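Some words used for protein structures rest on cut-offs.

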Amino acid sequence: MSMIDDAAKDGFLDWSNAFKFDCTARCVTKADEAVSANNHEDAVKLYSAAIALDSSRHSLFAHRSQANLGLKLHAEALYDAEKVIEFDPSSYIGYELKHAALHETQLYDEAVAAFKIMLFKLENASDPQIKKLRQKYGSQSEVEDAIRKAVQSYLDSAPLRLVNTSTGRLCDRHAQINSFKTSIEYKQLLSSSIKHPHLQTESIEKAVEMYFRWVMLSHRWENEEPLLHDIADKVVYDLDPVGTMIKLQNFCKITRDAGYLWAWSDTCCIDQHSNSEVQRSVNSMFVWYHNSALTIIYLSDVPPLSQSGALAHSAWNTRGWTVQEFLAPNVVLFYQADWTLYLDGRSPNHKKSVAIMQELEASTGIDAQALVAFRPGMAGAREKLQWASTRVTTLQEDIAYSLFGIFGVHLPVIYGETKQNALGRLLQEIVAQSGDISVLDWVGKSSEFNSYLPADIAAYRPPPFTSPFLSEDQIHTLVLSLQDAIVVKLASTLYSRLGNLTAPRFGNCRLHLPCIAFPVTEVRRKRSHEQMTYFTFQVKADGLQDMLITTENKLIPFSQAKSTRQPYLLVRPWNRYDLELPALAGDAQSVDDLSELESFSDEYSSGSSEDNEPVDSEPHSRALSLIVRLGQPFGALLLAQQRGGEYKRVASDHNITAQVKDLTAVHDMMDIRTLEIL
């Protein structure tokens, strides 16, 4: 009887085990379907039911751990991961799940440790297929190296020192990096990056940017601003809130409250006693403002609840450095004296505020497009100098140094060199790099650096000389009046010679200027009974209409009839761009154009063309159009010859407007020279 009972018992056990296995399999199948449908809640219930039926299978705990992660039940997911490790310590799966659960609970150090064990398990697996999985992941050292490179690349264009708005401490580059390496952001980045099969460079760079992004302050310096030594090794928030220290503290608090960790102010973030640091800072400041996440502009003299127009009258709007501090950034916010936002308190970027941009455009003369999306460089040099012509700086050299970034130049910073020298070096660099002679269009006193340059940037305040506009029809009509064959031949020759001129260049403070020269034949002083600091002269020159020139210089009166020496020249600086000539050498089209004109000129020289034959080919039309433009009024410059044959510019307090006498007298425009000007 007992034997029958044992047999029945064994059969019952077999049936029971089969039933449990079948039920477990059904639960797992349904749970897997729930996971596929993103129904993690049902999946957890079904995996739990399966575990209740068979708690010896570590794969069930692994599946439930993943489902719990989907529900963000991180503690439960971690429990299941530990059970997987308990059941099979040699498996990598439990440690992979443990890393995921610990990462989601922000226990990043423990997560990285679990991941390192997982990699060890993969490397030492006996199954070749499992061992091959190790290739899917990078190593911790590889990720750390990628992060280090991303940090270095980002900080290459960042300020050298920044205030940590969380701690209130001033940090140099080394301290900034150490702060990052001990931060929760670094640990999170390391933990999330090591699990990817390939280094996620873009996500690493984005995380680095989010941590290190900084906010710049633009403001008007006041008395006794806190300097570097005043806040070094101190907590900004703990210092006495008096005077301008309040400004720094409020700036840091607003930056912190806006979600930014790093803040920069020119008062305390530059070591003014280090020449090399000042040099680097001045040449990098435009880039720092441009790359900033936000620039806060503090208007200390604009009271709360001010109406539109207060910004235009702020002292901030008169300072030299503030031009680049506004043009460079992409995002700016204006704050009033009480640290409330100016006008538009809801806008995250005042460059998108129409009212504020219109106010700035009207008060600065800078067009709205440049205010919103400025790009540094040499283009429009004369206009940029005019923007700065009404600005003032505390240190005289800064009026030039503050423009380095706007023009995209890097030059030595030499405090004590004088304003004229600093401005002269900047203008010399502009001409040398761009060949743009519009910077020579100014009125006022000549610089000691070079007579062709102004002594003060205020010389650019008057608008540049503008030739009268000619429509296409007017040009065509005048071209038709110049169809005489000799005129066409001379025009073609002139076109070719001007096209072959080199760009103006500076060397050893001497300007080598290509120009069309008109020798002065007579200078007579115009009598006046008033006591004047300026003198007016009647001037005659070959090929030009008579004119009056007013200058503080006493010109030497002379006439061609009484003197063999001609000490003065009136010149038209050559600017191929203004006159619509082809581009400089290197442009294949320009070479072809000049060759055609030279060929045509040679034909005339050999007598192959008949006199007075009308010519309407495109090259000749361009040459005649050039003569029409040269015949219009232009801004002339007066030069005085020196003993060594060089020239100096005779400055005038007004633009010297000159015009040729006879449009058909092309020979009067053929005196083409490159003059050396001191």
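The questions and answers below go through a predicted model.

Q: What does the chain contain in helices and strands?
A: The chain has 25 helices and 16 strands. Its length is 678 residues, and 48% of them are buried.

Q: What makes a residue count as one of these buried residues?
A: Its relative accessible area has to be under 20%.

Q: Why are α5 and α6 called roughly antiparallel rather than oblique?
A: Helix α5 spans residues 93-104 and helix α6 spans residues 108-123, and the angle between them is about 165 degrees. Angles over 145 degrees count as roughly antiparallel. The pair is therefore roughly antiparallel. The axes of the two helices are 8 Å apart, and α5 passes α6 in a left-handed crossing.

Q: Which residues make the contact between α5 and α6?
A: On the α5 side they are Tyr 95, Glu 96, Lys 98, His 99, Leu 102 and His 103. The α6 side includes Tyr 108, Ala 111, Phe 115 and Met 118. Sorted by kind, the residues of the contact of α5 with α6 are 9 nonpolar, 2 polar and 4 charged.

Q: Where do α8 and α9 meet?
A: Ile 147, Val 151 and Leu 155 of α8 meet Arg 173, Gln 176, Ile 177 and Phe 180 of α9. The residues of this contact are 5 nonpolar, 1 polar and 1 charged.

Q: How do you know that the buried residues of α9 line one face of the helix?
A: The buried residues of α9 are Arg 173, Gln 176 and Phe 180. Seen down the axis of α9, these residues fall within an arc of 60 degrees, so they line one face of the helix.

Q: What covers the buried residues of α9?
A: The cover includes helices α8, α10 (184-193) and α11 (201-212). It also includes the strands β1 (162-164), β2 (169-171) and β4 (262-264).

Q: Why is Asn 38 called exposed?
A: Exposed means a relative accessible area over 50%. Asn 38 has 61%, so it is exposed. Asn 38 is found in the loop between α1 (2-36) and α2 (40-53). Its phi is positive, about 60 degrees, although Asn 38 is not a glycine.

Q: What makes Cys 509 partly exposed?
A: Cys 509 has 33% relative accessibility, so it counts as partly exposed. Cys 509 lies in the loop between β7 (505-507) and β8 (510-525). Its phi is near 65 degrees, a positive value in a residue other than glycine.

Q: Why does Val 439 count as buried?
A: The relative accessibility of Val 439 is 0%. Buried means under 20%, so Val 439 counts as buried. Val 439 is found in the loop between α21 (419-434) and α22 (472-480). Leaving aside neighbours within four places in sequence, Val 439 is in contact with Ala 381, Leu 385, Leu 427, Ile 430, Val 431 and Tyr 460.

Q: Does Pro 462 count as buried, partly exposed or exposed, and what makes it so?
A: Pro 462 is at 32% relative accessibility, so it counts as partly exposed. Pro 462 is found in the loop between α21 and α22. Not counting residues up to four places away in sequence, Pro 462 touches Arg 382, Gln 386 and Val 443.

Q: What makes Glu 224 exposed?
A: Its relative accessibility is 76%, and the cut-off for exposed is over 50%. Glu 224 therefore counts as exposed. The place of Glu 224 is in the loop between β3 (214-218) and α12 (228-231).

Notes. Residues numbered from 1 in each chain as written. Predicted model: local features only at pLDDT ≥ 70, side-chain atom pairs only at ≥ 80, totals over all residues. Heavy atoms only, no water. Contact = heavy atoms within 4.5 Å. Helix = DSSP H or I, 4+ residues; strand = E, 2+ residues; numbered from the N terminus. Nonpolar A, V, L, I, M, F, W, Y, C, P; charged D, E, K, R; others polar. Buried < 20%, exposed > 50% of the residue type's maximum accessible area, 1.4 Å probe, protein only. Arc of directions from axis to C-beta. Axes fitted to C-alpha atoms, helices over the stretch in contact; angles between N-to-C directions. Parallel < 35°, antiparallel > 145°, perpendicular 65-115°, else oblique. Left-handed = near helix turned anticlockwise from the far one by under 90°.
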